[in-house]
Amino acid sequence: MSQKYNDHDKAILMACKKFEEIHPNVEQPEWLKYCMTINVVKNNKKNWVVKFLLFPKPILKDNQYWEWEDDGTPLLVQVDAKTNKKSIVICGGPRIEPEVFFEVEVDINQNVVMILKNTQLDKLDGEKYEINRR
C-alpha cells in the first residue's frame, strides 16, 4: 500500500474523529448517516481538506415524480399534461451543488485538524437531503 493512500485514509480517520468529538454519535440526527458523503482533496499547502457533504433533493415539477427500478435505481418520470404519456427525464436540469456542513484541514505531519466549517446539526432539516445511494 502506498504512503499516499495511507495518508488519505488517515486524513479521513482524523476528520471523522474530530467530527465525533464535536458532534457525539448520540447527538447526531438518525438520518445523517444515510445522507452524508465525504469529499477529500489536497490543498496548496499539501494538507488534506475533508468535507462532509449533503446533497439537496431536486425540486420536481408538478408533472414529475420518482419511479424505482427493481434494483433500486431511481428514474425521474414526467407525465405530459395533454396526452398523459409518461417519459423518462434524462437530464433534470443543472447539477445541484452539495451543501458542506463540516469541513476540516488535516495536517498529517503535524497531527493537527483545523476546523474550517462547522454547522450545528440541529439546524439541518433531513427532509431536504438525498439519501446516499452509493
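In what order do the 3 strands of the open sheet with antiparallel pairing lie? In this predicted model, for which local features need pLDDT of at least 70, side-chain atom pairs count only at pLDDT 80 or more and totals for chains, interfaces and linings use all residues, the order is β3-β4-β5, where strands (E, at least two residues) are DSSP runs numbered from the N terminus and two strands pair if DSSP finds at least two bridges between them. Residues are numbered from 1 along each chain as its sequence is written, and side-chain values use heavy atoms, with hydrogens and water left out.

The edges of this sheet are formed by β3 (64–68) and β5 (86–88), each of which pairs on one side only. Neighbouring strands are turned against each other by 40 degrees on average, direction ignored, the axes being lines fitted to C-alpha atoms and angles running from 0 to 180 degrees between N-to-C directions. Strand β4, which spans residues 74–79, pairs with β5 in the antiparallel sense over 3 bridges, and Val77 stands opposite Ile88 in β5.

A further open sheet, of 4 strands, has the order β1-β2-β6-β7, and its pairing is likewise antiparallel. Here the edge strands are β1 (37–42) and β7 (112–118), each pairing on one side only, and the twist from one strand to the next averages 20 degrees. Between β1 and strand β2 (residues 48–54), antiparallel pairing extends over 6 bridges; Phe52 in β2 is the bridge partner of Ile38. In general, the strands of a sheet pair through backbone hydrogen bonds, either parallel or antiparallel.
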